[in-house]
Amino acid sequence: MPKRVDHDERRRTIAEALWRIASTRGLESASLRDVAAEAGMSLGQLQHYFRSRGEMLVFALEHINQYAAARVRDRVTAVTDTPSPRTVLGEIVAELLPLDDNSRNGILVQLAYFTLAVHDKRMRHYAKEGTPALVSLLAGQIRLGIERGEVGADRDPETEAILLISMSDGLGNYVLLDVLTPAEALRLATAHLDRLFTP
């Protein structure tokens, strides 16, 4: 009998091959042919799943966003069944920083997408898509902290959420440039959250 192909798994394999290229050489080096070779398949096999480079890039971006969300969920549930807002925010911010090889590679891929999206309107739309959801998630936890008396009532949740994302991006960039160590970046992020959670 012919071997049954798991098409979802094959798409994930292609996405992960694209990530490996993007994290080491940038997305400009990620042609269909290069990604096919990295994934260990022929160009024809890859084109069975993605007819164009743009289609492949969009899928891989959506997949990495889902992967990052799953990692955050796993981190939060590993800590406690009913985590406090401070714990949830701490785990999300830690996931946004390049603290290990997996998160470092993920951030390098996201930076490659960011660079592409600056000049490509279609990619910009997809690159921006996850930001409102992340802002909403962080703001929701800050709002809950305010309700519980753990965060000052004068704090605006949306503003604080954007500041948390911006801080994490900046610290992450400094880690990638070896200006900060991962431990130093995490210490600074923790200090910021400690100040935020001082009513």
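Arg51 counts as exposed, at 69% relative accessibility (buried is under 20% relative accessible area, exposed over 50%, and partly exposed in between, with a 1.4 Å probe and protein chains only). Its salt-bridge partner is Glu55, with the closest N and O atoms 3.4 Å apart, and Glu55 is partly exposed at 25%.

A word on the ground rules: this is a predicted model, in which local features need pLDDT of at least 70 and side-chain atom pairs count only at pLDDT 80 or more, while totals for chains, interfaces and linings use all residues. Residues are numbered from 1 along each chain as its sequence is written, and side-chain values use heavy atoms, leaving out hydrogens and water.

**Overall fold**

The protein has 10 helices and 0 strands (DSSP runs numbered from the N terminus: H or I of at least four residues for helices, E of at least two for strands). Its C-alpha trace spans about 60 × 40 × 30 Å along the principal axes, and 37% of the 199 residues count as buried.

**Salt bridges**

The structure holds 10 salt bridges, each a side-chain nitrogen of Lys or Arg within 4 Å of a carboxyl oxygen of Asp or Glu. Here are two of them:

| Salt bridge | N to O distance |
|---|---|
| Glu9 and Arg12 | 2.8 Å |
| Glu150 and Arg148 | 3.0 Å |

Glu9 and Arg12 are separated by about one helical turn, because they lie 3 residues apart in helix H1 (residues 7-25).

**The largest pocket**

The largest pocket holds about 1300 Å³ of space. Of its 39 lining residues, Asn65, Leu96, Gln110, Thr131 and Leu134 are the closest to the centre. On a 1 Å grid over the protein atoms alone, a pocket is an open set of points with protein on both sides within 12 Å along at least five of seven lines, and lining residues have an atom within 4 Å of a point. Helix H4 (53-79) gives the largest share of the lining, 12 residues. By type, the lining divides into 21 nonpolar, 11 polar and 7 charged residues.

**A nonpolar surface patch**

Leu111, Phe114 and Val118 form a nonpolar patch on the surface, with about 270 Å² of accessible area together. Patch residues have over 30% relative accessible area and no salt bridge, with nonpolar side chains joined within 5 Å. Val118 sits in helix H6 (residues 101-119) and is partly exposed at 42% relative accessibility.

Definitions and conventions
Patch = residues over 30% accessible without salt bridge, like charges linked within 9 Å, V, L, I, M, F, W, Y side chains within 5 Å. Areas by Shrake-Rupley, 256 points an atom, 1.4 Å probe, with all protein chains shown as cover. 1 Å grid on protein atoms, 1.4 Å probe; cavity = no way out; pocket = protein on both sides within 12 Å on 5 of 7 lines; lining within 4 Å. Points joined across faces, edges and corners; volume = space filled by probe spheres on them. Nonpolar A, V, L, I, M, F, W, Y, C, P; charged D, E, K, R; others polar.
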